[in-house]
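My entries follow in the order in which I made them.

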Amino acid sequence: MTALAGSPAPLDRLQPGVRLRVVQMADAERLAALCAENREYLRPWEPERDDAYFTVDGQRDNLYDLIEAYATGEMWPGVILVDGEIAGRITLNNVLRGPLQSCFVGYWVARAHAGRGVATEALRQALDVAFGALRLHRVEAFTRVDNLASQRVLQRNGFTVVGTSRRHIHLNGRWHDERLFERLAPWDDGISPTPPC
């Protein structure tokens, strides 16, 4: 099943205090604290990380790599802000150009903000970046089959299920099946490779 072009289903809870921006080196201290605070909460869904990742220096190294990839157009790495404070991360990864014009989206929100529509609004804004500024045609996302909360975020933003990839990702000590979702650009007409001017 493919995602149809056009508007997603209406969001049931808009979050006016949610904003996105590109990561900055100055975010290292806050991200280190947030990652450390949410380490156990995110463990089932995130790749295994060594202890260094949860330090300020580890986050500086990570941010340096993200900013370098952003500069080359390979990704759009963002932080999710709630009332001006960092509450999570959202990234448009593996930006592919040429005949594909696509990317994958990944996101997480701190436990303190979970279940409040923050991820749903952050993804809506990330799609504006993907289909607007980046002029992409497709955004894809994988979620573990048991990550129903993340699947609801995708569905509220007009994503549809493509299928299931068996033993697709190794997390929390074992291989897990993941569901692949996709969303086509609102300007998709089945012919044009880029949005109209």
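**Helix packing and cores**

I began with helices α1 and α3, whose crossing is right-handed; a crossing is right-handed if the near helix is turned clockwise from the far one by less than a right angle, and left-handed if anticlockwise. The model is predicted, so I kept in mind that local features need pLDDT of at least 70 and side-chain atom pairs pLDDT 80 or more, while totals for chains, interfaces and linings use all residues. Residues are numbered from 1 along each chain as its sequence is written, and side-chain values use heavy atoms, with hydrogens and water left out.

I noted that helices and strands are DSSP runs numbered from the N terminus (H or I, at least four residues, for helices; E, at least two, for strands).

The axes of α1 (residues 28-37) and α3 (residues 56-71) come within 8 Å and cross at roughly 115°. Axes are lines fitted to C-alpha atoms, for helices over the stretch in contact, with angles from 0 to 180 degrees between N-to-C directions. α1 and α3 are therefore roughly perpendicular to each other (65 to 115 degrees; under 35 is roughly parallel, over 145 roughly antiparallel, the rest oblique).

I then listed the contact (heavy atoms within 4.5 Å): A28, E29, L31, A32 and C35 of α1 meet V56, Q59, R60 and L63 of α3.

Next I looked up α4 and α5. Their axes come within 9 Å and cross at roughly 45°, and the two helices are therefore oblique to each other. A119, T120 and L123 of α4 make the contact with V153, L154 and R156 of α5.

Which residues have the most contacts inside the largest nonpolar core? I found I90, L92, V105, L123 and F159, in a core of 33 residues. Such a core is a set of buried Ala, Val, Leu, Ile, Met, Phe, Trp, Tyr and Cys residues joined through side-chain atoms within 4.5 Å. Helix α4 supplies the largest share of this core, nine residues.

I checked F159 by itself. Beyond its neighbours within four places in sequence, F159 is in contact with residues including V105, L123, L127 and F181.

Last I turned to Y107, which is found in strand β4. Is Y107 buried or exposed? Y107 is buried, with a relative accessible area of 17% (buried is under 20%, exposed over 50%, partly exposed in between, with a 1.4 Å probe and protein chains only). Not counting residues up to four places away in sequence, Y107 touches R89, I90, A119, L123, S150, V153 and L154.
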